[in-house]
Amino acid sequence: MASGTLYTYPGNFRAYKALIAAQYAGASVKVSPDFVFGETNKSDDFLKKFPLGKVPAFESSKGQCITESNAIAFYVANAQLRGQTDEQKAQVLQWLSFADNEILPAACTWVFPCLGIMKQDKQALKRAKDDVKAALEVLNKYLLNNTYLVGERVTLADIGVACTLLHLYQYVLDPAFRKDFGNVNRWFTTIINQPQAKAVIGDFKMCDKEAEPKEPAKQQQQQQQKKEGGKKEQGGKKQKQAAKEPEPPAKEEEEEEAPIVETGFVMDSFKKVYSNEEETVSIPWFWERFEPENYSIWFGEYKYNEELTKVFMSCNLITGMFQRLDRMRKFSFASVCLFGTDNDSTISGVWVWQGQDLAFERSEDTKIDYESYAWTKLDPSKEETKKLVNSYFAWTATDKKGRKFNQGKIFK
């Protein structure tokens, strides 16, 4: 029976997976009472055990340190939760990956603005709602003839998917939206009302109305500081009687993310050529029109290749990043490739965007994944850059250690 300490903050749905699994398995898992998010996880002692500084993080009574919520839940679970046969174990992994890659990115895009964690992007929100609907349709169809996701009893698949859906049901899936997903609603209600789940989550209430977006806390603080600063300044001056002209409305972030200047190289035109023509046509087209004064080329290498396991999971990692970068599509293009095989693979890619800076840093919404990559700005005038770009665009590249191309994904 597993035992140890879980480091997390209150209400972390990712940590719920491990805590509920522990309830089923009878594992002795205690949540660190002294953990303070933003302080404890940045301390030297914590970073020695968990270098990424992320939670949930688990330290077993034997000193084994484990990160990633699915891995922690798997460690503290029992055989029933993990799957009794190889087929069931594979199905459990399948549904956990489904939750992380098909539900979670869209859920964060939809819910986080309602919690004031990030600013809402209207275009990304529309896509997120469509993605959530598509995922629920898959679940609803499957659950028409199945009580649980794997076998005839609760497994980690049910726990993981239900926990990933928690914030959606709590904040945005109003009765009108969820009415078409009766099978999912039935299954979700069953899972979260199990005694083991209620012991962790408590009583759960589905939302009656879709939550409205809130201004991110950082921006609220800045606005408050401006107001306070304005009051102090006015305190030493007489109020002017003349009415001031109203300030122009703030630009939507979509405008801020638009191309910086009108140029001869049109990104949409290149994307159409790339999609509809052979590389023998599209790549020369790119170089004939590319404008180094207005666009830049970057090489991104995933930092944690040693943690990559199954190829399909690594590919889902790339897909998840792309889904969270919707606002960059209008001025960016990328070819990201996976090299090697299961448990011996790397991820890297060539990115092109308008502007000379690192585009991810232009918005808080696009910073989620980029720090997991090492970024190098390439010189388009060099022949070695052209060879690298051509090989990634044509999917003929190998990685630095000679691993062969396995598969690639295009951001466009």
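Trainee: I've got this down: buried means under 20% relative accessible area, exposed over 50%, and partly exposed is in between (1.4 Å probe, protein chains only). How much of the protein counts as buried?

Mentor: Of its 412 residues, 46% count as buried. This is a predicted model, where local features need pLDDT of at least 70 and side-chain atom pairs count only at pLDDT 80 or more, while totals for chains, interfaces and linings use all residues. Residues are numbered from 1 along each chain as its sequence is written, and side-chain values use heavy atoms, with hydrogens and water left out.

Trainee: What's the mean pLDDT, then?

Mentor: The mean is 87, and 88% of the residues reach 70 or more. pLDDT is the predictor's confidence in each residue, from 0 to 100.

Trainee: Where is it below 50?

Mentor: One such stretch is residues 218-223, which has four contacts in the model beyond near neighbours in sequence. A contact means heavy atoms within 4.5 Å. Residues 235-260 also stay under 50, and for them the model has 23 contacts beyond four places in sequence. Where pLDDT is low, the predicted coordinates should not be read in detail.

Trainee: Got it. How many helices and strands are there?

Mentor: The protein has 16 helices and nine strands. These are DSSP runs numbered from the N terminus, helices being H or I with at least four residues and strands E with at least two.

Trainee: Back to burial. Is asparagine 140 buried or exposed?

Mentor: Asparagine 140 is buried, at a relative accessible area of 15%. Its place is in helix α6 (residues 122-142). Leaving aside residues up to four places away in sequence, asparagine 140 touches Asp180, Phe181, Gly182, Asn183 and Val184.

Trainee: And what about tyrosine 75, buried or partly exposed?

Mentor: Tyrosine 75 counts as partly exposed, at 29% relative accessibility. You'll find it in helix α3 (residues 69-76). Beyond four places in sequence, tyrosine 75 touches Ala2, Phe58, Ser60, Ile66 and Arg82.

Trainee: How far apart are tyrosine 75 and alanine 2?

Mentor: In sequence they are 73 residues apart, but in space 7.2 Å, C-alpha to C-alpha. Across the protein, 74% of the contacts between residues at least 6 apart in sequence join residues at least 24 apart.

Trainee: New topic! How do α5 and α15 pack?

Mentor: Helix α5 (residues 86-111) and helix α15 (residues 311-323) pack at an angle of about 10°, with axes 9 Å apart. The axes are lines fitted to C-alpha atoms over the stretch in contact, and angles run from 0 to 180 degrees between N-to-C directions. α5 and α15 are therefore roughly parallel; angles under 35 degrees count as roughly parallel, over 145 as roughly antiparallel, 65 to 115 as roughly perpendicular and the rest as oblique.

Trainee: Which residues meet there?

Mentor: Ser97, Asn101 and Pro105 in α5 meet Phe312, Met313, Asn316, Leu317, Gly320 and Gln323 in α15.

Trainee: Last one: how many aromatic pairs are there?

Mentor: A search of the whole structure finds 49. Rings of Phe, Tyr and Trp (its six-membered ring) pair if their centres lie within 6.5 Å, and planes under 30 degrees apart count as stacked, over 60 as edge-to-face and the rest as tilted. Tryptophan 351 and phenylalanine 360 are edge-to-face, 5.5 Å centre to centre with 75° between the planes. Tryptophan 351 is buried at 2%, and phenylalanine 360 is buried at 0%. Tryptophan 351 also pairs edge-to-face with tryptophan 375, at 5.9 Å and 75°.
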